[in-house]
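Work through the exercises below with the sequence and the model side by side. Try each task before reading its solution.

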Amino acid sequence: MAVPESLSVAQARRIALAAQGFTDPVPGGATDLRHLRRVLRRLHLIQMDSVNVLQRAHYMPLYSRLGPYAPGLLERAAYRAPRELFEFWGHEASLITVDLQPLFRWRMERARDHAWGGMVRVATQQPELVERVLADVRDRGPLTAAQIEHDVPRTKDHWGWNWSAVKQALEWLFYTGQVTAAERTTSFARRYDLPERVLPRQVLEAPTPAPEDAFRALVEMSARAMGVAAEAELRDYFRLPVAGFRRALAELVEDKVLLPVTVKGWKNLTYLHHEARLPRWVRAATLVSPFDPLIWERARTERLFDMNYRIEIYVPAAQRLYGYYVLPFLLGDRFAARLDLKADRKAGVLQIPAAWLEPSADPDETAEALVVELRRLASWLGLSSIATPERGDFAGALTAALKGAS
């Protein structure tokens, strides 16, 4: 596209949505690994989270871009040979495309500067425990922390997630790249194993780039995945250190890989990836996870979509504005509503504790499109019915639409 000196917010929004894959064709019917790869080539990583009130976080970005797909495809890509994804700290705990593993070795090597709390303490104060745990994984892996703990005295501290010393040792080994995740149990616990028994040989044998080269590659990928973004947002995508990030950014600007532009109404200088595409329109109609990379950076979300979005899982119930697990509904190129959702798997019901309409959205158009999306989501989750919304300023209109469509 011709490089503009400035963009309107609407243009920036469409660029961002296209970069994230929301203008790509949605497969009609069955999906396969080719479709997953298409999404993963755009995003490079997907965030993981243990909350399972609706569906675990890492499954949702693929659903939002592909529609209903078999979750087993993602499990196969992440946990079966030949691996296409690996677990590591990318943007929080993440599944990352396996070809990027060499680009994160600097983080493994700098663990003492980046790791936190119990991991550092157990590494410095109980090195013999770390060696014992590593030997156990080497001799008996893959293993969960619980499978090791029965042989090791269990101690607790008052930090963070209150991990046991064994779990802290495993997480230290994981952060430093000495072990990796072989798979996840049904309760979402990691099974740890040695990288050489999990990752493809060509990945392990790939040369380790200099940190400055890794930073440059990761910043370029961040920019490509976001299309147009401010400095803080580019750094946040892979949580890069300030000094290394700024040098990489300057080099990419000098080489015209990233093009400085202004977005009307935005205070910060913004960078446009030189291959970014500006579509004429976006025809999305999908719910988006709180952990979707489209809305990771909440200030950017507010500037792009004029939506103040916060996840309220950790907010006391009486103080929540919208609900516990709230998903924005993307309709066209705008967020039109937000729904607090819960999967009651035992009863086979998609529950809607709350439904809210965004100020600029048309209630009739939104309700009609949202009913279609809720049916699609419920079917994908294996739920047979949809409950009427319990509260929220959109509860009445959505209830009427659900009843009218039944």
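Predicted model: local features only at pLDDT ≥ 70, side-chain atom pairs only at ≥ 80, totals over all residues.

Residues are numbered from 1 along each chain as its sequence is written, and side-chain values use heavy atoms, with hydrogens and water left out.

**Exercise 1. Domains**

State the domain assignment of the chain, then describe how domain 1 and domain 2 meet.

Step 1. The assignment gives domain 1 (6–101 + 208–273), domain 2 (115–199) and domain 3 (310–405). Such bounds come from an automatic or database domain assignment.
Step 2. Taken over C-alpha atoms, the centres of domain 1 and domain 2 are 28 Å apart.
Step 3. Contact (heavy atoms within 4.5 Å) links 15 residues of domain 1 with 15 residues of domain 2.

**Exercise 2. The second largest pocket**

Find what lines the second largest pocket, and explain its place relative to the domains.

Step 1. On a 1 Å grid over the protein atoms alone, a pocket is an open set of points with protein on both sides within 12 Å along at least five of seven lines; a cavity is a set where a 1.4 Å probe fits but cannot get out; lining residues have an atom within 4 Å of a point.
Step 2. The second largest pocket holds about 300 Å³. Grid points are joined across faces, edges and corners, and volume is the space filled by probe spheres set on the points.
Step 3. Its lining has 14 residues, with Y59, E75, R184, T185 and T186 nearest the centre.
Step 4. Helix 4 (71–79) and strand 5 (180–184) each supply at least two lining residues. Helix 4 gives the largest share, three residues. Helices (H or I, at least four residues) and strands (E, at least two) are DSSP runs, numbered from the N terminus.
Step 5. Domain 1 and domain 2 both give residues to this lining, so the pocket lies between them.

**Exercise 3. The largest cavity**

Which residues line the largest cavity, and how do they divide by type?

Step 1. The count is one cavity of 30 Å³ or more. The largest cavity holds about 60 Å³.
Step 2. M226, E233, D236, Y237, P293, L294, W296, E297 and R300 line it.
Step 3. Helix 13 (residues 231–237) gives the most, three residues.
Step 4. The lining divides into five nonpolar, no polar and four charged residues. Ala, Val, Leu, Ile, Met, Phe, Trp, Tyr, Cys and Pro count as nonpolar, Asp, Glu, Lys and Arg as charged, and the others, Gly among them, as polar.

**Exercise 4. A369**

Where is A369 found, and which residues does A369 touch?

Step 1. A369 is found in helix 16 (residues 363–380).
Step 2. Not counting residues up to four places away in sequence, A369 touches F329 and L331.
Step 3. The C-alpha atoms of A369 and P127 are 57 Å apart.
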